[in-house]
Amino acid sequence: SCPDVEPFIMDMMKMGDLRCEQMEQKIGQLEESEKASGRAVQSLKRQVEVRDAEIERLHGLLEGGRPLDVMIAEGQRESNEKMVAHLNIQVDYLTQVNGELEAKVGSVEASQKEAEVNAAELASKNARLCGELEE
């Protein structure tokens, strides 16, 4: 029975050694992952510090300057002024087009009156000629 036990023990030791190697590799991978995570955490902490410093800087500008609601109102006023300027340009353009169309309408009305006068003259002439023919 001893000779059978020895190969079994040897197999168990090989399996144990293999398992130890696998665990050591896993430990190495986890240590590398931990280092990478640590670097990422440090990078994120630096980003947060930079963001917080910028927030503090901006708060300082607000404290030393005008109140926020005044700045918002001024921004809205500037936006409104731009909109009014744009609308004024549109009004100017439409006024010009309207003037051109009114001039065309006036010209057409004048032509229509001239045609009516010509038609009346021709009707009168026609009546006169008809009268002459009947005589």
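Select Glu32 and Lys35 to start. Both sit in helix H1, three residues apart, so about one helical turn separates them. Helices here are DSSP runs of H or I of at least four residues, and strands are runs of E of at least two, numbered from the N terminus. Show the side chains: Glu32 and Lys35 meet in a salt bridge, 3.8 Å from N to O. The criterion for a salt bridge is a side-chain nitrogen of Lys or Arg within 4 Å of a carboxyl oxygen of Asp or Glu.

Before moving on, a note on the model. It is predicted, so local features need pLDDT of at least 70 and side-chain atom pairs count only at pLDDT 80 or more, while totals for chains, interfaces and linings use all residues. Residues are numbered from 1 along each chain as its sequence is written, and side-chain values use heavy atoms, with hydrogens and water left out.

The classes are buried under 20% relative accessible area, exposed over 50%, and partly exposed in between (1.4 Å probe, protein chains only).

**Next: Arg51 and Asp52**

Select this pair. Their side chains meet in a salt bridge, 2.7 Å from N to O. Asp52 is partly exposed at 33% relative accessible area. Arg51 is partly exposed at 47%.

**Next: Glu54 and Arg57**

Move on to Glu54. Which residue does Glu54 bridge to? The partner is Arg57, with the closest N and O atoms 2.7 Å apart. Both lie in helix H1, three residues apart, about one turn of the helix. Glu54 has a relative accessible area of 34% and is partly exposed. Arg57, at 44%, is partly exposed as well. In total, the structure holds five salt bridges.

**Next: the nonpolar patch**

Now select Phe8, Ile9, Met10, Met12, Met13 and Met15. Together they make a nonpolar surface patch of about 630 Å². Patch residues have over 30% relative accessible area and no salt bridge; like charges are joined within 9 Å, nonpolar side chains (Val, Leu, Ile, Met, Phe, Trp, Tyr) within 5 Å. Pick out Met10, which is found in helix H1, residues 2-64. Met10 counts as partly exposed, at 46% relative accessibility.

**Last: zoom out**

Show the whole chain. It has two helices and zero strands. Its radius of gyration is 49 Å, well over the 14 Å that the globule rule gives for 135 residues, so the chain is more spread out than a compact globule. That radius is taken over C-alpha atoms, and the rule is 2.2 Å times the number of residues to the power 0.38. Along its principal axes the C-alpha trace spans about 160 × 60 × 15 Å.

Color by accessibility. Of the 135 residues, 0% count as buried. The chain exposes about 12,300 Å², with carbon and sulfur atoms supplying 60% of it. Accessible areas come from the Shrake-Rupley method with a 1.4 Å probe; for residues, only the protein chains shown count as cover.
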